[in-house]
Amino acid sequence: MDRRLARMLHVLIHIDLHAGAATSKTIGAMLDTNPVFVRRMLRGLRERGYVEATKGPGGGWRMARPLSKITLKDVHDALGSSPLIGITVAHDHPSCPVERAVTKGLGLLIEGASKSLLKQLANVSVAEFAPTLPSVDDGKRSLKG
């Protein structure tokens, strides 16, 4: 199962809430993953202008666009358009007419469901997933999960 979309929504909301720039190391610790993986995941979002990265002291990741202007489909596409539906078809016996029929029918259903879900993702902003949190000083928090 591909969890990149869910993880990236988590990251983007934290970056938005974070005071200052969020480093790949900090984000990696939050996700219990390697900072290199974080940079790889964020690269597509940076290329599309959703986040920006600065190097050096005080550097890290910041939002380049408000969460309300980024849709879930935007994030999905920036991550490389991985399959949205976890159901897959079998190709174990391609000469079997039953398997071919099942593969064709199920494939059409999966394709339709994927298109429908993409359409829904295009109508939901990342901001709609952000929790309402109590204010803390300047309203920004540290990345702790």
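**Ground rules.** I am working with a predicted model, where local features need pLDDT of at least 70, side-chain atom pairs count only at pLDDT 80 or more, and totals for chains, interfaces and linings use all residues. Residues are numbered from 1 along each chain as its sequence is written, and side-chain values use heavy atoms, with hydrogens and water left out.

**Entry 1: helix H2.** Helices here are DSSP runs (H or I, at least four residues) and strands likewise (E, at least two), numbered from the N terminus. Which residues of H2 (residues 24-31) are buried? I found Ser24, Ile27, Gly28, Met30 and Leu31; buried means under 20% relative accessible area and exposed over 50%, with a 1.4 Å probe and protein chains only. On the face turned away, I noted the exposed residues Lys25 and Ala29.

**Entry 2: the cover.** Helix H1 (4-17), helix H3 (35-47) and strand E2 (60-63) are among what covers the buried residues of H2.

**Entry 3: just after H2.** Here Asp32 takes a positive phi of about 55 degrees.

**Entry 4: Ser125.** I looked in the segment after helix H5 (97-121) and found Ser125 there. Is Ser125 buried or exposed? Ser125 is buried, with a relative accessible area of 11%. Leaving aside neighbours within four places in sequence, Ser125 is in contact (heavy atoms within 4.5 Å) with Leu67, Ser68, Ile70, Thr71 and Leu72.
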